[in-house]
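I am opening my notebook on a new structure. I will look up rings first, then helices, the core and a hairpin.

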Amino acid sequence: MTSQRDDALTTFMQNLGLRGFNISATNRPWVNNLIIGGGRYVLDVEEISDERGVVLALFSKVPTHQLYDNARQLLLACYYNKFLPMVVQVGLRGDDTLVLMVRVEQVSPQTLSRAFDLMFQLYTEIEA
């Protein structure tokens, strides 16, 4: 992993409010289970091997009785005809967690922020 990507992730994480965040060889994969949004979301950032970028995954627990409807809304919101600025994948983890993932190939603080903002926006739209 290049220092440019490390710097981009460090800046992104600091922009999220983690002022003391830094990258080292001992804390890879980079970020796992960062609880944000008052405990409503969990953010994972994973390095893709062979310098192909990173994957941002934003997890949200959903009451079981709402899971089908929320998953359906997210799938519709991420469908290819919506022309989102990034490809967003929708998935499930366990019986009660929705997952949105974006692969960021050109890693910069701006692209990481755009990916995060897009996923957060999709979640807040279905929760409204």
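How many aromatic pairs does the rule give? I count five aromatic pairs. The rule pairs rings of Phe, Tyr and Trp (its six-membered ring) if their centres lie within 6.5 Å; planes under 30 degrees apart are stacked, over 60 edge-to-face, and the rest tilted.

Before going on, I note that this is a predicted model, where local features need pLDDT of at least 70, side-chain atom pairs count only at pLDDT 80 or more, and totals for chains, interfaces and linings use all residues. Residues are numbered from 1 along each chain as its sequence is written, and side-chain values use heavy atoms, leaving out hydrogens and water.

**Rings**

I looked up five aromatic pairs in all, and one of them is Phe-12 with Phe-116, edge-to-face at 6.1 Å centre to centre and 70 degrees between the planes. Phe-12 lies in helix H1 (residues 3-15) and Phe-116 in helix H3, 104 residues apart. Helices (H or I, at least four residues) and strands (E, at least two) are DSSP runs, numbered from the N terminus. Both Phe-12 and Phe-116 are buried. Buried means under 20% relative accessible area, exposed over 50%, and partly exposed in between (1.4 Å probe, protein chains only). I also found one aromatic cluster, made of Phe-12, Tyr-41, Phe-116, Phe-120 and Tyr-123.

**Helices**

I checked the length of H2 (residues 64-77). Its 14 residues should span 20 Å at 1.5 Å a residue, and the end C-alpha atoms are 20 Å apart, so the two agree. The expected span is 1.5 Å times one less than the number of residues. H3 has 19 residues and reaches 27 Å, close to the 27 Å expected.

Which residues of H2 are buried? They are Leu-67, Asn-70, Ala-71, Leu-74 and Ala-77. They pack against strand S4 (88-93), strand S5 (97-104) and H3 (109-127), where contact means heavy atoms within 4.5 Å.

**Core**

The largest nonpolar core has 34 residues, and Leu-43 and Leu-56 touch the most other members. H3 gives the most to this core, with eight residues. Such a core is a set of buried Ala, Val, Leu, Ile, Met, Phe, Trp, Tyr and Cys residues joined through side-chain atoms within 4.5 Å.

**Hairpin**

S4 and S5 run antiparallel, joined by six bridges. Two strands pair if DSSP finds at least two bridges between them. Arg-93 has Thr-97 in S5 as its bridge partner. Three residues lie between the strands, and Gly-94 takes a positive phi near 70 degrees.
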